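Here's a quick tour of one model, meant to be read with the structure open. Have a look first, then follow the notes.

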Amino acid sequence: MKKRILAAMLAAMMVLSMAGCSGGGNEADTSDNTEDQASAEGGDTAEETEIQVFIAASLNTVMTELAEMYNEDHPEVKITYNADSSGTLLTQIQEGYECDIFFSAAQKQMDDLEADGLMVEGTRANVVNNQVVVVTLKDSGTAVTGLENIGEAESIALAGGSVPVGRYTRQALINLGVLPETDDPASITTEEVSEALGGVEISEQDNVSKVLTAVVEGSCEVGTTYYSDTYGYEDDLDILQTVSYDLTGDVIYPIARVVNEEADDAQNAAADDFLNFVLSDEAKAVFDSYYFDTNVE
């Protein structure tokens, strides 16, 4: 009798043991399914990447805000800006600096990029227009009213000829009859501009932001910069003249993708997407708020 009871107990224990093993198998299968699901979800997550965007110095503030807006929906994309004069940026690209997008303050530099075969075909677009302005510190007491009598200043902050705002300023002075006619206004040196203005002291700057700084800090009495650069300095600066397009020509800012042999698929995709965002209606509203004109063709 005792043997029968013992056999029955052993049989029951074996059934429970098998059930336990079976349950463990189901748990392992569930775990595998969870891992597969997580893997699938991970596959839908955009790959982290970084893009190099070369921007004209006058775009630094507005593009910083646009990058922040873009990253709200695309946190996986790190946007690294290189802000300087368009001429300097073009030279860097030609020398092999890694770049995905070039946003220039003038057509000339973009024309040169395209001529060198460094532009991704079909990606060039005009984004904004700007205007050259003559500025001074508030209450400076300057006698200058604009380019027509800018030589009356004690000192002028002026960008070099390779900098778009410097070229536009020279073109305006040519059209006013102050400087001699030439096929390439950028070739007119700062010394030649000074002589044409009666020997006035000119502090040559290598980008438009440094022109603005020279005036804001009081190093120079007047300077020529862009209207958009006066954003945030309304309490510090007086705009003496907004130079007409008749004198400077349009101040169009083009953008394009740059051929980047080092970029992988994720980087190229992110660069394409960010360029499209810069061209969007959402971005246009931001450009407008920073005093750029988005009515361009």
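This is a predicted model: local features need pLDDT of at least 70, side-chain atom pairs count only at pLDDT 80 or more; totals for chains, interfaces and linings use all residues.

Residues are numbered from 1 along each chain as its sequence is written, and side-chain values use heavy atoms, with hydrogens and water left out.

**Largest pocket**
- The largest pocket holds about 230 Å³ of space.
- Its lining has 14 residues, and Ala 57, Thr 61, Ser 209, Leu 212 and Asp 229 sit closest to the centre.
- Helix H2 (60-73) and helix H7 (208-216) are the elements giving two or more residues to that lining.

**H2 against H10**
- H2 packs with helix H10 (residues 281-289) at an angle of about 145°, and the axes are 10 Å apart.
- On the H2 side, Val 62, Met 63, Glu 65, Leu 66 and Met 69 make the contact (heavy atoms within 4.5 Å).
- H10 brings Glu 282, Ala 283, Val 286 and Phe 287 to the contact.
- Sorted by class, the residues of this contact are seven nonpolar, no polar and two charged.

**Thr 230**
- You'll find Thr 230 in the loop between strand E8 (222-226) and strand E9 (237-242).
- Leaving out residues up to four places away in sequence, Thr 230 touches Val 133, Val 135, Ile 239 and Tyr 291.

Technical notes
On a 1 Å grid over the protein atoms alone, a cavity is a set of points where a 1.4 Å probe fits but cannot get out, and a pocket is an open set with protein on both sides within 12 Å along at least five of seven lines; lining residues have an atom within 4 Å of a point. Grid points are joined across faces, edges and corners, and a volume is the space filled by probe spheres set on the points. Helices (H or I, at least four residues) and strands (E, at least two) are DSSP runs, numbered from the N terminus. Axes are lines fitted to C-alpha atoms, for helices over the stretch in contact, and angles run from 0 to 180 degrees between N-to-C directions. Ala, Val, Leu, Ile, Met, Phe, Trp, Tyr, Cys and Pro count as nonpolar, Asp, Glu, Lys and Arg as charged, and the others, Gly among them, as polar.
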